Amino acid sequence: MALACDCHVLGKGGWVELSAQEQGLLDHLEMLIRQGRSEAEAAATLAVILPGEDDLLSRVVAFRHEIAQQRRTIAWNNAIFDPEDEGGPWYAGPTSMDVFWPHIKAKLEADPSWVEAVPSLDEASTDIVGLLADPHSPTIRTRGLVLGFVQSGKTANFTATIAKAADSGYRLFIVLSGVHNSLRRQTQLRIDDQLVDEFPTRWVGLTDEHRDFGKPVKALPLLSSPDLRLIAVVKKNVSRLTNLRDWLREAQKHGGLDSCPIMIIDDEADQASPNAAKDPELDRTRINERITELLELPRVAYVGYTATPFANVLVNPADDSDIYPRSFMYSLPKPATYFGSRELFGQPVSEDEEAPTDAAHDMIRIVPTAEAERHATKMLLAEGVEVTPALERAITWFVLATTARRVRSGVAKHSSMLVHTTMRVSPQLAYIDPIRAFVKQLAVDVAAGRTAALREAWEEEISREPAERHGLSPVSFDEMEAGLRATLDDVKVLADNGLSTDRLVYSDEPATVIAVGGNTLSRGLTLEGLVSSYFLRSSNTYDTLLQMGRWFGYRPGYGDLPRIWTTQDLADDFEFLADVEDSLRAEITRYRTMDGATPASLPVRIRLHPKMQATAKVKMNFAVQGEASFSAQRPQTTYFAHRDAKVIRANQSATRSLLIGAKASGIVPDLQDSRTVLLDVPVSLIRGFVSSYRFHGDSELTSALLAKYIDGQVNSGALERWNVVVMGVKNPQGTVPLGLPEDSPLISRSKLSRPSTEQRAVIGTLMSKPDRVADLVPAADVRLETPDTELQKLRDVDGRGLLVLYPIDKDSRPKKGATNREPLDALDHLIGVALCFPTAKPETEPVSTIQVDLQQPLSGAEDIEEYLDTEGSQDEVNLGDE
């Protein structure tokens, strides 16, 4: 086992140098542990082999502990966890003795589409395995949660995690894979490809592509072989989970689980798994009951994976038998090539800072309200389906984009379009013939050379979202025209739902498919090569709506081509959810910097929406809503009633009252180049302004929320003094009298292009980065790359709140070259408001928005009726055998 040279390992103090003898002994120790011994047993075995080397052996064991501790320390970058949970650090990372992970890693590194993602995948899966309990522990009670992004490669991550856990001693793996056969099958095929088929003598598949968990062979012979690894991919279905429970209980009776640590991966962990009983103090839904029965086994680690964990972090934390992630919450890093909410909606920067690289990709096409109403379920049932104008454009784009991909790559690849307008099954089926007829007519037109409309559509779209922006070569219509007929010949139109005979299955043959569906296409299932989406189905919950966004994911070689046709309301909702996703991950980041923070002691907070809720009401039985916390926050007005003269006058009056009152209290305004600064303004004046200012009804900000937070902080001795800055420009187009010695220069803020904007102007982000510390440092000292943490530190050191006022020119026009903005066209000059708060002391910070109540009593677990879908769906209740 000895090596020829000295080696280094990563320890608590950095890289630790090991002699060849020590490295060889460490390798031998790891080999014995991999064979099923605990660390203590392996060390005892080596002590017998190497008598008189107790000091050397103790040093090597200590090295291993240092490495495991360092792995845990690294995990702090992305996780909040209980460092004392389940015995502390044990996993030192992959070793040269591993079998399964090295093979998967080599296979991924040989795949050009995966090679860049392998380092991140490797590190994250190592972190997660290190947060599990040691598989050699006599009891295992890990409850963890991994937060990913929609269609971001969660399956690849938990496959890597399974491989490393299998290398480390876990032996039975159960993957709970959604509530639909299509997702279970897709997951099964990926697991088989990476593990079962690659190691047929080491892995036993208890399920396969066509067979869910039924009645496999007796468990004892399989579980008694230490070299075997067993895996089952099981749909979250009462009968399947009952079969699994009974099979394991039978094995337990005969001691078959004594040497078989179990890992449960709950994919889409927020769906069906949380208890959604109407009275969770007395009842459980049956799927939740079956899962908790599995967790009653003595050595089970449970890890949920989801991109929408709202229901999971609201599970009863006092119930040790349930799935609340009390051991850890891990936030997967966002992959560099991932196409998600921010790629669609852009980074939040002010209009002054906007640049082509900051703006959102121009990929969303708004469906007029009248057309969307034509696709409402009642209209579809009453009048049938027709291919409306925006749907025509979406189908046409699908054909064009698919052909462009073929030209660009030289080969046909999977290409998909999603049509999702209703959850009802029968109207979904009714779309098939009209869409087929439209595609057939397109083929006739192309064959006859009538392609002028197609050329116009293509050239308009590529001018709005150029290929060069994505580092890709543009494709001209002339290059692709000859390939249109072949694409149209390949188009298949199908509905994927409980009544359809067709299913969306991607094989080795490239598919060019328009898929009409609802729930079966709205969660977990990947639509390969999705380039066009016609999406009109709304939801009143965050998790359901985010999961229905099947357009998120990876678009290698065609990042310029995805398009989404949807309503303005849905586009606004997705924009809000992009902020919710960011804030949820920021919560984990915030907690990991706090001493003693664990998932059991600090609940994750979820921002609230005026019209949506985080998850279904029956999943929020243990949630509490409290005051809003603005600690370290920068709230600002982005919605304006720009055509309401009464509101505009009231806000101008509130501003004058504040500034005149500040001068009357002895504060001398400091007139600088492009702003006026007033320091040490009494909180009473700020409080009066906040109460008088009229915030737009669609805004998250309200006078009551702000006033209540400020009052609470003042009662704790904070925020008693404020700084006020009135922003301006050096060469204004006009001025407005606001009570200062000189009239205030007007700034320009045009509105974002939105249909039906008569009652509301949306300007996007109001405040630029330098404005956050406009009272403390010159604007030139703050750059776009200046870290947010650095600016917040300045605010915290100063301790005062900042109120920034923006007099906005009623005639504001977009900057030259802006493509998604239009003139403000307000009745009078508007007053924009932004506030910057210092970080509150933990003991003074109120409960924010919605979060789990950590003081919940223990709930019971009684039998109730079959699980019913709680996401507003009636065609997703087929959770029995299909």
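Author: Arg405 lies over the face of Tyr558, at 3.9 Å from the ring centre. The model is a predicted one.

Reader: What makes the placement of Lys164 relative to the ring of Trp101 count as a charge over a ring?

Author: The charged end of Lys164 is 4.5 Å from the centre of the Trp101 ring. The cut-off is 6 Å, together with a limit of 35 degrees from the ring normal. Lys164 is therefore described as sitting over the ring of Trp101.

Reader: Which residues of helix H4 are buried?

Author: In helix H4 (residues 100-109), the buried residues are Phe100, Trp101, Ile104 and Leu108.

Reader: Why are the buried residues of H4 said to line one face of the helix?

Author: Viewed down the axis of H4, the buried residues fall within an arc of 90°, so they line one face. The elements covering them include helix H5 (118-131), helix H6 (154-168) and helix H7 (181-196), along with strand S6 (203-205) and strand S7 (229-234). Phe100 also belongs to an aromatic cluster with Phe173, Phe199 and Trp203.

Reader: Why is Arg64 called buried?

Author: Its relative accessibility is 6%, and buried means under 20%. Arg64 therefore counts as buried.

Reader: Where does Arg64 lie, and which residues does Arg64 touch?

Author: Arg64 is part of helix H3 (residues 54-75). Leaving aside residues up to four places away in sequence, Arg64 touches Leu26, Leu29, Glu30, Ile33, Glu39 and Trp90.

Reader: What makes the approach of the Arg64 side chain to the Glu30 side chain a polar contact?

Author: The two side chains come to 2.7 Å, and the limit for a pair of N or O atoms is 3.5 Å. The pair is listed as a polar contact.

Reader: How many aromatic pairs does the structure hold?

Author: There are 14 aromatic pairs. One of them joins Phe630 and Tyr709, with 5.6 Å centre to centre and 80° between the planes.

Reader: Why is the pair of Phe630 and Tyr709 called edge-to-face?

Author: The centres must lie within 6.5 Å for a pair, and planes over 60 degrees apart count as edge-to-face. At 5.6 Å and 80°, Phe630 and Tyr709 therefore form an edge-to-face pair. Phe630 is in the loop between strand S19 (623-625) and strand S20 (639-640), while Tyr709 is in helix H24 (residues 703-715), so described as distant parts of the chain, 79 residues apart.

Reader: Are Phe630 and Tyr709 buried or exposed?

Author: Phe630 has a relative accessible area of 9% and is buried. Tyr709, at 2%, counts as buried.

Reader: How do you know that strand S28 is largely enclosed?

Author: Eight of the eight residues of S28 (residues 801-808) are buried, so the rest of the structure largely encloses the strand. Gly801, Leu803, Leu805 and Pro807 are buried on one side, and Leu802, Val804, Tyr806 and Ile808 on the other.

Reader: Which strands are joined to S28 by bridges?

Author: Strand S23 (residues 721-727) runs parallel to S28 and is joined to it by five bridges, with Val725 partnered by Val804. Seven bridges join S28 to strand S30 (residues 830-836), and these two run antiparallel. Here Leu803 has Leu835 as its bridge partner.

Reader: Why are S21 and S30 called edge strands?

Author: The open sheet has five strands in the order S21-S22-S23-S28-S30, with mixed pairing. S21 (670-671) and S30 each have a single partner strand, so one side of each is left without a neighbour in the sheet. Two bridges join S21 to the antiparallel strand S22 (residues 675-682), and Asp670 stands opposite Val677.

Methods: Residues are numbered from 1 along each chain as its sequence is written. This is a predicted model: local features need pLDDT of at least 70, side-chain atom pairs count only at pLDDT 80 or more; totals for chains, interfaces and linings use all residues. Side-chain values use heavy atoms; hydrogens and water are left out. Buried means under 20% relative accessible area, exposed over 50%, partly exposed in between (1.4 Å probe, protein chains only). Helices (H or I, at least four residues) and strands (E, at least two) are DSSP runs, numbered from the N terminus. Two strands pair if DSSP finds at least two bridges between them. Rings of Phe, Tyr and Trp (its six-membered ring) pair if their centres lie within 6.5 Å; planes under 30 degrees apart count as stacked, over 60 as edge-to-face and the rest as tilted. A polar contact is a pair of N or O atoms within 3.5 Å; within protein, one must be able to donate a hydrogen and the other to accept it, and residues adjacent in sequence count only if both atoms are side-chain atoms. Contact means heavy atoms within 4.5 Å. The arc is that of the directions from the helix axis to the C-beta atoms.
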